[in-house]
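Work through the exercises below with the structure open. Try each task before reading its solution.

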Amino acid sequence: MAKKYRYAKAAPCVQAVIFARVSTKEQEPGASLKAQKEAMEDYCNKIGLPIVQKYRAIESSTNGNRTKFNEMLDFVRKQKKKTAIVVHCIDRFQRRFNECVEVEEILLDDKTDLHFCKEGLILTKNSPSSDIMRWDMGILSGKMYVANLRDNVNRGMNYNWSIGKYQTKAPVGYLNVNKDIIVDSERAPLVKKMFEMYATGLYSIKSLQNFAEEMNLCSSHSKTNKPLGRETIYAMLKNPFYYGEMVIRGEKMPHAYEPLISKSLYDKVQEIRSGGKIHTITQEYAKIPFVFRGLVKCAECGNTISSETHKKKSGRTYTYLRCAHTKGNCHQGLVSENLLLQQLDDEVFSKIRLSKNILEPLKKCVQKKLLEESDANTIVKRKITVELNNLEAKERRVKDSFFEGDITREEWQEEKAIIATKREELQRTAEKYADISKDIQVTVNEILDIAATVSDVMKKANPTQQNKLLSLMLSECYLDGQKLIYELQKPFDKLVNLKNASTWFDFDKSDIKEYETMAEKVQMYKVERNRL
């Protein structure tokens, strides 16, 4: 005869705790917590269990530490009287099996019974396997719901990325509006200005921070309206979003929003940021202003040439340029500043003389050529834009094929690399046909005005003003013995010995970028010139 086993009868619960939960802070204002609480209070009243503690949790059941859940279990363990745990339904209690071990321990210790109001399920230490199975199935159902939700979210995110949508906070210079991103009309020009300033090589991160503070530039997400800090500015300068690409899971993808800067400007900033150029000291922060400060290098060793003053017995002071000789045996000696200024006057300043009968026709000729070039560029860029749009559409199709399992990751990466190469080629071509804005037209006119008076200005200006003018006109300056070796910036190189307005303007597409980068230096020079 088979032996009959008997289980010790479970003691009845004499009090209860109720546990209500939502997953996120955003769900808190809704009706869920209130509805759960009311349903559990009604349930406890019907079965005659007094409620000794109420728990209200705003925490995920699948991610992170479940602080309130563990606090509730600890409370039940410490009670001298058997205490029922009452919850609205299984998925409000848990959505994973991790907690089952702890819950089963206090069930088997006869410390609690677990009541699920919605399912009408009560678990005790003696619950049959069918009830345990219902509990397990409820947890499994919750896990499946979370998994399906995650799949739907990922599918939606992947689709949005494929059409160029950015799904997080917009960077400084943009605004999040109704699940879209638009250009911030107030901050965007300042952000662009910071890129342009840094690209000149004349400004450090600290200088940009001072600029942000002066312009009261802060993030649209800032609650304190505190101007941008160094780390934020550094991150901005590295962010490809500003020229048209977003970084998703470590990979760059084109986005669908209006860029604030060109790719070439971004690349120039990266070159300077990575140490390709060293910021020259601006005259405002120099203790003693010198004409050639930060402009000249030694032709023999490459050191930056510094300036210093020497006082003669007569009491008169003279300025000399010298090499620091920090890179080994260099034979460059002292050179008089006046000697180099005389060289530039003979070779450049005295030869750029634009009389009114040349200057005004020259301006008209230049503006006409710029407008003609602008019209031609627009046609070419329109064709390039169509090709870029076709590439983006192809990239989306290839990506969809990968996510749908039609192609392997390797095939997707290979196609993506081919598309990226073609896109870079088209973008490089597009940059050669840059828009000729009003700013560029104004800059060209201002440069011509500067050129017309350069000889007189150099004779009247103070060292700081002369330095600004030379930085505008000269590049690649080296001191070789007693002679200055240099290149004239465009269009100053074409203005030397100009006799006729119609013979000068031989336009090159690369000139547009030259004028764009010179705009900042022109403004800096104008500020100094106005102090004359």
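The model used here is predicted.

**Exercise 1.** Classify the ring pair of Phe 69 and Phe 93, then the pair of Phe 93 and Phe 116.

*Solution.* Planes under 30 degrees apart count as stacked, over 60 as edge-to-face and the rest as tilted. The centres of Phe 69 and Phe 93 are 5.1 Å apart and the planes are at 55 degrees, so this pair is tilted. Phe 69 belongs to helix α2 and Phe 93 to helix α3, 24 residues apart. Both are buried. Next, Phe 93 and Phe 116 lie 6.0 Å centre to centre with 70 degrees between the planes: edge-to-face. Phe 116 is in strand β4, 23 residues from Phe 93. Phe 116 is buried as well.

**Exercise 2.** Which residues of helix α9 are buried, and where do they lie around the axis?

*Solution.* List the buried residues: Leu 265, Tyr 266, Val 269, Gln 270 and Ile 272. Their arc around the axis is only 165 degrees, so they lie on the same side of α9. Then look for partners. These residues pack against α6 and α8.

**Exercise 3.** Describe the pairing of strands β8 and β9.

*Solution.* The sense is antiparallel, over four bridges. Ile 248 has Glu 251 as its bridge partner. Two residues sit between the strands of this hairpin, and Arg 249 takes a positive phi near 50 degrees.

Note on methods: Residues numbered from 1 in each chain as written. Predicted model: local features only at pLDDT ≥ 70, side-chain atom pairs only at ≥ 80, totals over all residues. Heavy atoms only, no water. Pairing = 2+ DSSP bridges. Buried < 20%, exposed > 50% of the residue type's maximum accessible area, 1.4 Å probe, protein only. Arc of directions from axis to C-beta. Contact = heavy atoms within 4.5 Å. Phe/Tyr/Trp six-rings, centres within 6.5 Å; stacked < 30°, edge-to-face > 60°.
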